[in-house]
Amino acid sequence: MTRDAALPLLEHDPQPAALLDAEGRPLDGNRALSALLEAHRADTAACLPANHAALAGACLAQGRAIVEVEARLGDRILLWTFIPVPDRARVLARGRDATDQLRNEKAAHRARRLYRLITENTTDLISRHTPSGVFLDASPASWGLLGYWPEELRGRAALDLFHDQDRDRLRQEAAAALEDKGYHTMTYRIRHRRGHYLWFETASHAIRETYTGAVVEVVSVTRDITARVQAEENRRRLAEVVEAQQRRHQDELARSSRLIAMGELASGIAHEINQPLAAIRNYAAASQRHLSTYQAARDQDPGQDPDLDKVARGLDRVGEHAHHASEVIRRLRAFLRKGQRRLEPLDVNAVARQAIRLCAWEAEGHRITIDERFAVDPPSLQADRILLEQVLVNLLRNALDANRERHGDRGSAVTVETALEDDGLAIRVLDQGPGADPDTLERLFTPFYTSKPDGLGLGLPMSRSVIESLGGELNARPQEQGLEMYCRLLLARREENR
């Protein structure tokens, strides 16, 4: 191209410009055009519209400019304006890079189409409001949700449609949240055109002024949640009905439990007093035998002075066991009623000796020796004497039964130990019986489980309940020969420090 006099005015123009002849052939170009062609390695004709020759001819023939004709150069979009220079039969083609502009316009057009598609077809109400809540615009969903067309809502305050109980609260909450956070979600009741109220949920977003940050507009999306609210209310009412039924059921269970407890109480008392009653029967029978022997001796020798010490000792034992049975009944019933227990500092060795004394007659009758291995001067422990004594009697009688089952009357031993362990006292009763397999050990303290033909299976469960009520534990441990019943109780000073 040769430099033409018509182009110098555009030499410093940042937009590309070219001078064409009447047939559209390029004659000259400015610096911006040269830079563009160099960047894309193209010639002038390549960056002009494909029909630039026809455009140049039409421009000169009609004596007018032809504007904004699109041409593509690589990934760029150029818009060319053809300006006639009639006296010289030339055309000035001036272009500009409109790539970003056109892409933005297309994107905006697509966004507008999408927005229109959404607003015209969604079942949610999309609306614009002033900061005070006046409708600026609304989507067509307003007819289906509220019974109003968008044109009827424009200029109307949204709060006018709210339920009286929600209006003041929501006005303050929404204004404060939008000003502070810029968004707000609320649930409320709104009046339909026909007069009934519906539950709505609205999510609002504040549009702020660029420089001051003031809220200038509010965009909201509103959804009808009446069905959800009614479903939640129905679930709540159903839950209340179910809860009432459960309370009635629990009352019935509690009543049944009390009846069962009464039965267990009767069985437990019968089981516990059976032991002292059996001892009373044995001592009374022995006393009767002694009296019969003395009566026979006196018939043979009227002058003989019979020795009644054995009878007196037997009657003393009858009295002891009768008193013990009475105390057991009274304390056991109080325990099962969860009444006040009679707690006192006890010497565990003294309680153990009394339990051994109560079982001595039965042990002697089957040639069973009860060995005592007691701690020396053990500290006191806090417990109910009668209940603890009865627990030890139960454990001893079970040990005696186990020895008799394995050894009969051939002679055996039961050991009673007391020992100090950390912050408690341990009481152990060890027998030489057949022991117990793992399954039996697991079920040993289960109510009504027993291996004795005439047993109720209540002695060990009740004994464990007594020990646990005193803050202790009662368990069974297998040993090489027989079984160990292990009882551990807190010391009296530990109880007092609590």
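This is a short tour of a predicted model, stop by stop.

Residues are numbered from 1 along each chain as its sequence is written, and side-chain values use heavy atoms, leaving out hydrogens and water. Local features need pLDDT of at least 70, side-chain atom pairs count only at pLDDT 80 or more, and totals for chains, interfaces and linings use all residues.

**Stop 1: a pocket**

Select Ser132, Gly133, Ala158, Ala174 and Met186. Of the 28 residues that line the second largest pocket, these lie nearest its centre. A pocket is an open set of points on a 1 Å grid over the protein atoms alone, where a 1.4 Å probe fits, with protein on both sides within 12 Å along at least five of seven lines; lining residues have an atom within 4 Å of a point. The volume is about 480 Å³, counted as the space filled by probe spheres set on the points.

Now colour α7 (164-180), one of the elements that give two or more residues to the lining. α7 gives the most, with 6 residues. Helices are DSSP runs (H or I, at least four residues), numbered from the N terminus.

**Stop 2: Phe162**

Go to the loop between α6 (150-153) and α7, where Phe162 lies. Is Phe162 buried or exposed? Phe162 is buried, at 4% relative accessibility. Buried means under 20% relative accessible area, exposed over 50%, partly exposed in between (1.4 Å probe, protein chains only).

Next, select Arg189. It is 27 residues from Phe162 along the chain, yet their C-alpha atoms are separated by 6.0 Å. Beyond four places in sequence, Phe162 is in contact with residues including Met186, Tyr188 and Tyr197. Contact means heavy atoms within 4.5 Å.

**Stop 3: the largest nonpolar core**

Select Leu381, Leu388, Leu395 and Leu396. They touch the most other members of the largest nonpolar core, which has 41 residues. Such a core is a set of buried Ala, Val, Leu, Ile, Met, Phe, Trp, Tyr and Cys residues joined through side-chain atoms within 4.5 Å. Helix α11 (residues 385-407) gives the most to this core, with 9 residues. In soluble globular proteins, nonpolar side chains tend to be buried together.

**Stop 4: Asp401**

Stay on helix α11 and select Asp401. Asp401 is buried, with a relative accessible area of 17%. Its side chain makes a polar contact with the side chain of Arg404 (3.0 Å). A polar contact is a pair of N or O atoms within 3.5 Å; within protein, one must be able to donate a hydrogen and the other to accept it, and residues adjacent in sequence count only if both atoms are side-chain atoms.
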